[in-house]
Amino acid sequence: MSLPSVNAPIGQTLPISVTINETAHSLDIEPRRSLADVIREDVGLTGTHLGCEHGVCGACTILVDGEPSRACLMLGVHADGAEITTIEGLAEPDGTKHPIQEAMKQAMSFQCAFCSPGFLMSTVALLRDNPNPTEAEIREELSGNLCRCTGYTSIVEGVETAVTLLGSSALGSTGDQATGGVA
Amino acid sequence: MTDTKDTQTSGLGFMGQRVQRVEDDRLLVGKGEFVADVLPEGVLHAAFLRSPFPHATINSINVTAAARLPGVHKVFTGAELNAITNPFLPMFMADGVYTPLYKCMSDEKVRHVGDLVALVVAESRYVAEDALELIEIDYTELTPVGTIDQALEPNREQLWEKADGNVLGNLSDSFGPVDQVFSRADHVITRTFECPRQTNQPMETRGTVVKVDKATGHLEIHNTSQAPHALKWALAAMLTDEGGIKNFGKFVRNADRRQAFTAAAKDFLSKNKESLKAQDNAGQVSQLKKDKSLLKHQGKMAMGLLASTDYPTVKAGDIGGAFGSKGPITREDVAVAAAAKKLGKSVQWIEDRVENLMDGGQAREEQFTISMAVDSDGTLRGMKVDFVLDQGAYPGFPISSLIIPLLWKLYMPGPYNIEAFELNGQIVATNKGRVVPYRGPWANETWLRERMLDVVARELNITPADLRAKNVMREGSMPDAFITGPTIDETMSVAKTFDRALEMIDFDQLEEDKAAAEAKGHRLGLGIASYHEAAPGPPNFFSSAQPGSDMLLSEDGRAEIQADGRIVMYTSQSPHGQSHETTYKQVAADEFGVPLEDVEIVWGDTDRTQFSFLGTGGSRGGPLGAGVMRMTARELRRQVTDVAADMLEAASSDIEIIDGNIHVAGVPAKGITYADVAAKVATDKRTTSGPVFTEQMQYDGVGNGGWSVATHVAWVDIDLETGLVEIPRYLVVEDCGPIINPGVVDGQIRGGVAQGVGAVFYERHHYDEQANLLSTTYMDYLVPTAMEIPHIDIEHMETLTDGENDARGTGEGGMIGAPAALTNAVSDALGVEVYEQYLPPYRILELAGVIDR
Amino acid sequence: MKNPPFNYHRPATVAEALDLLAKHGDDAKVLAGGQSLLPVMALRLGQPEHLIDISAIDELKAISVNDGVTIGAMVRHAEAEKSAEVKQHAPLVAAALPHVGHRAIRNRGTVVGSIAHADAAAEMPAVCLATEATMTIASTDGARTVAAADFFEGFFSTALAPHELLSHVHFPAANATTGTAVVEVSRRHGDYAMCGLACSIDAGGGTISSAALAFFGVAGTAVRVADAEASLIGKPPTADAFAAAADIVKATLDPSDDIHATAAYRKHIAATLTRRGLAEATSTIGVPA
Ligand SMILES: Cc1cc2nc3c(=O)[nH]c(=O)nc-3n(C[C@H](O)[C@H](O)[C@H](O)COP(=O)(O)OP(=O)(O)OC[C@H]3O[C@@H](n4cnc5c(N)ncnc54)[C@H](O)[C@@H]3O)c2cc1C
Ligand code: FES
Ligand code: FES
């Protein structure tokens with residue numbers, strides 16, 4: 001989608017339209033605000049966490065047009081016209097957990113779980129693109145997310161459990177669930 | 001043995017099961033409430049101006065331009081906040097140690113990069129940071145103290161004017177006939193070791209949100225605190241702004257307050273008679289010799305606490321890890337609370353990662369010289385250790401780094417039979433960030449001892465395994481107490497884990513693997529380390545280090561059954577990843593004989609839970625925290641059973657409770673529920689809401705138990721061309737008694753080992769010689785990823801003892817054993833001794849002789 | 001750690017972008033993927049008055065094949081990584097991409113941004129040197145081209161003037177007898193390398209006819225070691241030849257110490273990587289992409 005050119009002097013806000021978890025939002029934001037702050041403070045979805053604000057920890061990872069991105073290293077205005085999925089968008093509206101959330105619970109993947117939004121969103125993309133990853137592939141793909149509590153084994157097991165859950169839920173259903181339910 | 005196990009898994013038997021975490025139902029769907037998520041309507045945001053210099057005096061500060069910036073509500077200079085707050089006082093004192101007093105801000109002198117100079121409160125954090133750039137400060141730089149060696153120089157610029165140079169404390173103690181043992185042993189082997197600075201680095205930084213009630217001025221503080229009650233009291237004391245006499249007058253005139261105080265004091269004195277008698281005042285005397293102002297401040301704060309009828313409420317919600325770093329009460333906590341109180345407006349401060357690296361908690365920069373007295377046959381006879389601990393600029397509060405050498409004093413000889421031990425050393429101040437407890441704060445005693453055992457073994461031409469096997473304390477011949485004082489139960493023997501670990505190592509295979517590695521230009525090595533850990537130790541553990549300290553350490557808990565039958569358990573713990581909600585439900589549900597979801601666990605809110613000085617820390621959550629849950633639940637079940645027996649017209653001893661059905665044994669069809677019993681009592685008491693059963697208890701653990709023991713074995717594979725290290729296998733054999741939830745225990749162990757892997761191969765908090773911080777971002781302080789941490793095998797032993805709730809802590813051990821096992825493995829692989837803990841690839845190749853230093 | 005204030009511009013065309021650059025030049029910064037610039041700004045180490053966000057300029061989003069591959073300024077690392085054209089015509093670029101940060105970083109960061117940023121430890125500048133890429137630089141004065149060898153001037157500094165935009169980078173086609181490899185040693189997976197090598201070797205007919213060795217992480221910019229390359233010419237691609245080149249590399253490079261590695265260590269791994277990189281590159285000769 002092409003965007004028109006815009007200019008916003010210091011202090012002036014810009015209107016943007018963004019779809020977050022399938023809900024359309026029209027926001028007026030100061031261009032310097034990070035997308036993470038916009039999602040957390042302006043939209044009120046605090047499930048996306050900030051661990052470093054310089055792109056290393058991965059806690060802020062969200063899906064922007066389906067691709068995992070650091071919400072701390074994007075401006076809110078970058079989301080203009082985009083479709084965003086955050087941790088809050090994974091479960092069904094009735095509260096049923098997404099198979100990856102369920103798998104991570106079963107595997108007891110997390111402790112403080114501050115890192116979990118980033119791992120979950122990275123895993124959604126990983127299993128969509130590679131539904132049957134090897135342990136090495138899982139470790140490599142998740143190496144952009146830091147966890148200080150677990151030593152990672154339980155998280156890798158969580159992804160492996162998710163492969164099983166997604167595999168069984170995909171049987172007899174459309175490809176939608178096989179992609180983690182996130183377009 | 002089996003009997004004991006049965007009493008520990010009553011009811012539905014959740015104990016010991018891998019019960020999935022109830023926490024995950026909110027945390028994994030983005031519904032946790034972490035401190036940064038607390039954004040009350042109209043909240044203002046705070047940012048600190050921090051010193052760019054390690055050591056400087058402040059000549060002037062000009063905040064005019066910053067204060068004028070649109071969106072800024074107030075710029076507080078250090079002096080302004082200091083004027084309305086009281087200083088941090090030493091709580092923990094020891095003979096020979098001086099602890100400097102300090103205020104929440106630095107108004108005359110800065111002592112480390114990141115020291116607090118001014119505070120901006122603005123409509124957003126963005127604007128607050130804009131304002132920081134407009135504050136003008138004139139500094140005069142002073143000579144910095146960047147290293148331990150510099151701190152020991154006699155004429156170096158001093159951080160604290162009342163200290164002796166930059167030495168804050170001298171400690172020494174000895175046990176057994178040291179001189180005799182050292183003069184008679186066949187060999188005395190001496191080496192020097194050093195460990196560089198590390199930092200805890202939880203993924204969530206610190207934060208505090210101070211809500212101010214417009215009508216009453218009451219403060220409700222949401223904070224990442226491991227110890228919310230300690231924070232509440234500290235803030236109540238430090239925000240006291242009226243004089244002592246005035247407050248004393250207020251107190252005297254308030255009869256209710258006076259009566260309540262007298263009752264509480266009497267209760268405290270009678271409960272702690274022994275501990276109070278045991279206390280010695282040598283620490284207080286040492287402190288007063290250096291700084292008499294302690295008494296004046298203590299007096300003022302004590303009077304403030306007496307007079308005040310409105311203490312802050314502290315709430316700790318979901319916390320994103322801490323590893324010790326969120327236990328201490330920090331200057332930011334006080335400054336932000338004082339600012340919010342002064343403005344009468346709610347204020348949020350969330351530490352950013354750069355701030356966290358500067359002063360969110362640092363650890364383990366320690367040097368040691370160790371001598372071991374040993375006979376030619378490998379019999380260990382004695383040990384002497386000299387240490388220097390670099391505590392950074394400001395002492396931790398309420399527990400300073402002094403705790404570390406006091407714990408070394410108890411632990412250092414480890415699980416080996418020796419006749420004599422001596423520890424001498426110094427705590428020094430440098431221009432660096434604060435030292436805090438970091439997962440097994442004393443862990444370097446294990447690293448030092450276990451590394452040294454390998455050195456000694458090679459000197460004597462014995463294998464490291466044989467040397468340990470010869471000297472490790474074994475069941476059957478174990479003393480009742482360590483040479484350093486604490487008692488030990490012989491069922492908690494390290495030897496068992498050590499023997500099992502040896503069984504699990506295939507030494508023939510190891511030789512083959514070593515040869516295969518060598519053939520491709522690699523080196524393979526194996527390292528072993530054993531330790532015991534007071535988790536939390538027997539009740540006499542801490543008082544062996546600091547007489548009388550045990551009175552602050554019991555664990556309180558409360559159980560209630562509400563009029564509608566709901567079971568609510570109140571813990572004084574403040575969990576931050578350890579899954580307390582799940583494990584406490586398991587324990588309580590078993591006692592009550594109900595499903596997990598029938599139990600609610602309340603934590604973290606000082607208005608609802610009982611006082612606890614430590615909160616979550618010191619490996620107490622499993623043994624003491626769960627212990628007091630079990631005790632109170634059991635007592636309430638007894639009371640409920642009595643009422644139910646009346647209702648069912650049976651004897652109490654015939655009542656059984658299964659899955660919430662309270663019935664006469666064998667007649668489940670005619671059962672009643674907790675709700676029925678509660679309703680009956682409520683009717684009798686003529687109430688309709690609130691608790692109808694309440695039981696509050698204290699628990700200190702029992703007997704000589706409380707020891708967790710473990711042996712770690714690490715295999716490392718080193719590429720001599722790159723210095724990169726892989727860990728093909730890592731094994732932990734551990735015994736923490738009966739396991740409440742193996743999923744939780746495994747996670748704690750693996751997480752601890754991962755931090756140990758980090759400490760050895762990736763993590764070093766770098767300051768240069770001028771005390772400038774070099775690792776200021778996550779590009780420089782390297783927390784390992786899933787690619788660096790290996791799979792970790794765990795073998796559980798689960799030895800049961802006779803005690804009630806004999807679960808022992810397991811949160812710290814991983815980090816205690818790993819650095820020792822890993823450095824021993826590197827040493828074995830390279831065939832050289834390793835005397836430092838941090839081994840990045842370049843250092844590996846230097847040690848291997850591949851490149852020049 | 002919040003961005004300082006700036007005047008924000010999001011032009012829709014290159015022409016608009018160049019006008020803005022001409023107007024604000026010294027006080028402006030181009031914002032491409034933001035994966036290097038935004039952290040610098042959040043740390044308040046850089047505070048441009050004007051930020052010219054080129055992410056909406058469709059003209060800059062193309063990868064085109066023309067005796068090699070031309071990559072536009074808004075092609076993200078991940079897009080180049082997925083591109084069959086890049087794999088086929090610019091194999092060294094393809095080999096480098098998986099080493100750049102992590103997937104989430106590659107989803108936003110751009111290939112050209114990485115080149116303009118000119119981090120001495122980054123992969124892409126070394127790839128430019130090894131492949132002898134050509135930079136197309138646009139401004140209201142018109143377009144000019146600069147050879148990679150003249151583009152990287154020093155630590156984070158390039159031939160770009162403040163009012164200029166690096167609009168495209170052209171990577172010349174590799175011939176069929178050329179093998180390529182990117183090898184590096186970093187502290188953690190995904191980190192900037194302590195030392196890395198982008199190399200190519202043409203060994204058609206069993207002797208080496210050309211070789212390129214471009215190192216990163218060992219000097220203020222990526223560097224080629226001409227003597228080591230020359231030492232390979234005319235020799236068969238054997239371990240001995242590679243080891244001799246490695247010795248020259250070790251003797252030539254003059255890296256410095258930092259908290260992650262000493263100079264001696266960097267020299268040692270540069271030599272190691274020379275041997276490993278050349279062997280790996282040789283093994284890719286003739287293997288279809
Ligand atoms: C955690 C992390 C790890 C990383 N690891 C690596 C790594 O291992 N290797 C690596 O190479 N990189 C790494 N990066 C950086 C990443 O590759 C960036 O994408 C890249 O360096 C810059 O590209 P960008 O599009 O994001 O540029 P931006 O951040 O938008 O800009 C960077 C600089 O280049 C200038 N600029 C950008 N485009 C142009 C243009 N077309 N014309 C003129 N000037 C321009 C900008 O003004 C700015 O000064 C990492 C980043 C992070 C956050
Ligand atoms: S907060 Fe975005 S990567 Fe750490
Ligand atoms: S679970 Fe605590 S950081 Fe990952």
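**Note on the B–A interface and selected salt bridges**

1. Chain B and chain A bury about 4,200 Å² between them, 59% of it on carbon and sulfur atoms, where buried area is the accessible area (1.4 Å probe) that two parts lose on being put together, summed over both. Of the area that chain B buries against chain A, 19% is supplied by B:L28, B:Y126 and B:M203, more than by any other three residues.

2. This is a predicted model, in which local features need pLDDT of at least 70 and side-chain atom pairs count only at pLDDT 80 or more, while totals for chains, interfaces and linings use all residues. Residues are numbered from 1 along each chain as its sequence is written, chains are lettered from A and ligands numbered from 1 in the order in which they are written, and side-chain values use heavy atoms, with hydrogens and water left out.

3. The contact (heavy atoms within 4.5 Å) takes 57 residues from chain B and 44 residues from chain A. Between the two chains there are 24 residue pairs in polar contact, both residues being at pLDDT 80 or more; a polar contact is a pair of N or O atoms within 3.5 Å, and within protein one must be able to donate a hydrogen and the other to accept it, residues adjacent in sequence counting only if both atoms are side-chain atoms.

4. On the side of chain B that touches chain A, the elements giving two or more residues are α2 (24-27), α5 (125-132) and α25 (742-762) of chain B, helices being DSSP runs of H or I with at least four residues and strands runs of E with at least two, numbered from the N terminus. The largest share, 8 residues, comes from α25(B).

5. Chain B and chain A are joined by 5 salt bridges, a salt bridge being a side-chain nitrogen of Lys or Arg within 4 Å of a carboxyl oxygen of Asp or Glu. One salt bridge pairs B:D130 with A:R32, with the closest N and O atoms 2.6 Å apart.

6. Within chain B, the side chains of B:K680 and B:D684 meet in a salt bridge at 2.9 Å, N to O. The two residues are 4 residues apart in helix α24 (residues 674-685) of chain B, and so are separated by about one helical turn. B:K680 is partly exposed at 34% relative accessible area, whereas B:D684 is exposed at 52% (buried means under 20%, exposed over 50%, partly exposed in between; 1.4 Å probe, protein chains only).
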